[in-house]
Amino acid sequence: MAASPGPAGGAAAGAVHGSGPFGLAFDCGLEIKTRSVEQTLLPLVSQITTLINHKDNTKKSDKTLQAIQRVGQAVNLAVGRFVKVGEAIANENWDLKEEINIACIEAKQAGETIAALTDMSSLNRTESDGQITIFTDKTGVIKAARLLLSSVTKVLLLADRVVIKQIIRSRNKVLATMERLEKVNSFQEFVQIFSQFGNEMVEFAHLTGDRQNDLKDEKKKAKMAAARAVLEKCTMMLLTASKTCLRHPNCESAHKNKEGVFDRMKVALDKVIEIVTECKPNGETDISSISIFTGIKEFKMNIETLRENLYFQSKETLSAMLDALLERTEDFTDCAYTSHEHRERILELSAQARMELQQLISVWIEAQSKKTKSIDEELELAILKISHSLNELKKELHSTAAQLAADLVKYHTDHVVLKALKLTGVEGNLEGLAEYACKLSEQKERLVETCRLLRHVSGTEPLEITCIHAEETFQVTGQQIISAAETLTLHPSSKIAKENLDVFCEAWESQISDMLTLLREINDVFEGRRGEKYGYLSLPKPMKNNANLKSLKPDKPDSEEQAKIAKLGLKLGLLTSDANCEIEKWEDQENEIVRYGRNMSSMAYSLYLFTRGEGPIKTSQDLIHQLEVFAEEGLKLASSVQAFSKQLKDDDKLMLLLEINKFVPLCHQLQAVTKTPLQNQVFLKVDKSITKTRCIMATLVQLLSLCYKLLKKLQMENNRRVSVTNKDSVDGKT
């Protein structure tokens, strides 16, 4: 789950990123080397397979021989690069140096053997009928290939151990600094330690971000994303909560607030280590396995096996499975917020499923005693009936949870309770605090309950994990907001206490927004639209048959590409801030120039978030489409600016047209870049596109600034003209 952009607050505040296609990358030598090892492995496997699978004909043409030799040489060269990377990793990790070096030596020997066995000059050749008869030692090639793949696997496993150890060391450093932060008593000392803490969090964020990108298991990836999102948001909370404690050392609610942040960060750090080391403390079971949708899926699979084997399952097992599944529906029927109609329908469908299982068991027993065509048909009908009932139950449960979530998010988007808590805080109103704290607690319980229901109908394990994360976030953040509000109410003039409450409220608002995104994703999975991406605002979606988009296949960048894209993205993010500053100057926010400028700035910010692995843009295809729309908006803005220029005097008009003449070609160039096929060189295309977007945004900032100045000048001249006209009119009357 991508974390929402939070308030700026030092180096560590925005540190935890890098979960998307262009996750922010650091120049971490080990990470780059490890990725190089993995990237070298793929062509090796392909080339070795080609060698081993070549036909065993005794006669081969000279062209075939040359091809075999080229493959052998390519394998040897790739092994050479692989060995260099492995040796570099070994030199940086003395505890594993010997093991890595031995594996590298084996790989090098195997590569040289393959090259020798496929060398044409070493083969016995007899010319006959224009063909060359060769005696290739295929057994030797296979033996060398096995040794090579074995040694490559050893290096990769050892490199993986190095990365895990590095993450653990980084986590331990963060924990040690957190312990010092917990005990600090002076503000000056806190600033020094927090600066160190920020640097350590940056290092940890990048190590875990790269690890998250490398995870193949979507479930683990979702868990890692959730833990890193907690660390990102809590870093800012830690800063303001600690400062509040130092400013008000005798305030119990301030200490409670700070302790809550520290506790949550420690749990998140432990979660990360559990994921990378693949161990669970005390044999802990996975709570996401209690999903009703998962239970329905497993139950249907079990009853469908009866078509093939009447003795594969026992009646008792199926009955127990259905009982356990229907027991979980009590989370819906016992929920105070479930409507009467939904509750009745769920109970009705549950009873129907039980009845149809009994009917299935009855037919099943009969089918075991006598095998006839009519019995087979009855069994098939019974299976279809119970499957249909369970599908109807799924629909009803999804409808119940989705409706509750949609209504709740819609009802709380204005954040009335949060605004009231802030107001009671600055007024020092303790009675008001008690009233609105009670309302927030009610809101929290309802959100937690809704997340629990959404988890049952989420449909995929990653979405279940996201629901659990949302549930925990509302549970913890709700209580922290109340303690932060209590601190402000006791110290209404405290700026830092007010800032602290704002930070916790922003985290709550961000989670409400994330819940809406989560609901959309759950609906997509349920309706079979999984993977469909949402366009920006109400702009048109890309055509499904767009050849340009089809030519772009999802790919994974290496660390150098990531770093380059991230750097470009950072500059783009700064330019969107500059553009927003220019837009805010305009009094008429509905002005066409302002409207198009705001759209472009918002889209550019989405592109910036994409380079950090966040936001609505998820794939390279989405990115290219967004850039096409961005260029179109730019041309519309240029047209509006041109219309505005007609109101200006010649000198001013010329100055503005010169800027337009810089701006329009850049938009056309961006369109050309997005439409040019680069034969799957996705990252080269993305690099060029974002570079061009940056140029457009830089020109846009200048254009907006100039338009604003010329508009002000025009207004002043018009006012002066009106004033003179009025004066002349008065003088004439006199």
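# Reading a helical model together

Biologist: Happy to be looking at this with you. How does α20 pass α21, in a left-handed or a right-handed crossing?

Modeller: Start with the pair itself, and keep in mind that this is a predicted model. Here α20 passes α21 in a left-handed crossing.

Biologist: And what is the angle at which α20 and helix α21 pack?

Modeller: The angle between α20 and α21 (residues 650-675) is about 160 degrees, and their axes are 9 Å apart. An angle over 145 degrees counts as roughly antiparallel, so α20 is roughly antiparallel to α21. By class, their contact has 16 nonpolar, 6 polar and 3 charged residues.

Biologist: Let me try the other neighbour. At what angle do the axes of α19 and α20 cross?

Modeller: Helix α19 (residues 592-611) and helix α20 (residues 620-645) cross at roughly 160 degrees, and their axes come within 9 Å. With the cut-off for roughly antiparallel at over 145 degrees, α19 and α20 are therefore roughly antiparallel to each other. The crossing of α19 past α20 is left-handed. In this contact, the classes come to 14 nonpolar, 6 polar and 3 charged residues.

Biologist: Is C245 buried or exposed?

Modeller: Buried means under 20% relative accessible area. C245 has 4%, so C245 is buried. C667, at 0% relative accessibility, also counts as buried.

Biologist: One last stop, the backbone. Which residue other than glycine has a positive phi near 55 degrees?

Modeller: That is H415, whose phi is near 55 degrees. To find H415, look in the loop between α12 (373-412) and α13 (416-427).

Biologist: What is the relative accessible area of H415?

Modeller: It is 14%, so H415 is buried, by that under 20% cut-off.

Technical notes: Residues numbered from 1 in each chain as written. Predicted model: local features only at pLDDT ≥ 70, side-chain atom pairs only at ≥ 80, totals over all residues. Heavy atoms only, no water. Axes fitted to C-alpha atoms, helices over the stretch in contact; angles between N-to-C directions. Helix = DSSP H or I, 4+ residues; strand = E, 2+ residues; numbered from the N terminus. Parallel < 35°, antiparallel > 145°, perpendicular 65-115°, else oblique. Left-handed = near helix turned anticlockwise from the far one by under 90°. Nonpolar A, V, L, I, M, F, W, Y, C, P; charged D, E, K, R; others polar. Buried < 20%, exposed > 50% of the residue type's maximum accessible area, 1.4 Å probe, protein only.
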